[in-house]
Amino acid sequence: MPTHDEILTKIRTALVEALGVDEDEVTPEATLTGDLGAESIDFLDIVFRLEKAFDIKIPRGELFPESIMTDPQYVKDGKFTQAGVDELRKRMPFADIEEFAKNPVAREFGNLFTVDMVAKYIESKVNVKA
Amino acid sequence: MRWIWIDRFIEFESGRRARAIKNVTLAEDHLHDHFFGYPVMPNSLILEGLAQTGGILVGEHGNFEEKVILAKVPKVTFHELALPGDTLIYTAEVEAINDDGARVNATSHIGDRLQAEAEIVFAHLDDNDRVKNLFEPKNFVFTMKLLGVFDVGRGNPGAPTTPAGLAQFKGAGGG
C-alpha cells in the first residue's frame, strides 16, 4: 500500500519521462499543459505510464475527460454551461472544480489538470497508507 | 522510392511482439546522401523502421480497423552507426495498448550488439479525423503480404496469421 509521498514520487517520474521536464518543475500545483508543456498526445503517454506505475486500469476519458470540451451541451461560446460544470463535478470529483466554476471559461479548463489533481485521482484508485 | 523501411518479418506474435530485418546496402541512395563520402544508414530511417515494425504489430492487433499513426517518440538512443552490409534486427514489443493507442518498446540489433532503442507511442485516429482517408486498410494488408507478415505470423492459438484468418485473432492478443 503506497503512501501519499510514494504516489507523488511515481507520478513525478512518469511526468519527467513523458514530458522531458526537470523533477523540480513537477510541483503539486504545476499545470500539465501550462507549466509542464503537455500536448494532447502526451496525455495518452501519461495514462500508459500511470497504469504501469500503479498497476491500474484508467478507462478512456476518466482522468482527462477532454471530450466534454467538444460537446455543445456543455460548452457554449467558449464558456462551460451550468450543465457542463455539473458534468465536471460528476466526472472529476478529484479536481478542484469550485474555483474553476466561479468563471468557467473554456480556455482555463486545462488549468484543472495539475499534478495534485493526478495525485488525487490515483489516490481514489489505490488504497493509500495513512 | 517506396516508403517501406523493413525488408521482412521474421517473427510475428499477434498483440505482443514482432521482429523484422532491414538489410543495409550500398545500392540505397540515402546512404550516400547522409554524410558525403561516409555511407551510413540515417538514424531517422532506422527509427522509421522500428515504428513500422511496431505500427504493423499494433494495427494487426486491431484487425486493421483502426488507423494507427506514430504519435510520439518519448525516448530514442542510438548506440552505434549502421553500415553497409549490416543486417539490422528490429524488435518491437507492445508495452500497453488500449482504444486510444499503444506504447511500444523497440530495439535494433546488429548481431548481438544493441544498435538502437526507442519508446514509441502510437495513436488511433478517430473516425472524425480529416486525414482518415489517407489510410486504406486494404493497402496496409497488401503491404503486409509484401513484407511476409503472413508467412511468419502466428496468433495466440499458434496458427499462422493469414488475411482470412485474422478475424479469429481479433481481441486474442495482448493479454
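1. Which side chains meet in a salt bridge at 2.5 Å, N to O? They are those of Arg60(A) and Asp100(B), a salt bridge being a side-chain nitrogen of Lys or Arg within 4 Å of a carboxyl oxygen of Asp or Glu. Across the interface of chain A and chain B, five salt bridges are found by this rule.

2. On the basis of the note: this is a predicted model, in which local features need pLDDT of at least 70 and side-chain atom pairs count only at pLDDT 80 or more, while totals for chains, interfaces and linings use all residues. Residues are numbered from 1 along each chain as its sequence is written, chains are lettered from A in the order in which they are written, and side-chain values use heavy atoms, with hydrogens and water left out.

3. Ten residues from chain A and 16 residues from chain B take part in the contact (heavy atoms within 4.5 Å). Together the two chains bury about 1100 Å², with 53% of it on carbon and sulfur atoms; buried area is the accessible area (1.4 Å probe) that two parts lose on being put together, summed over both.
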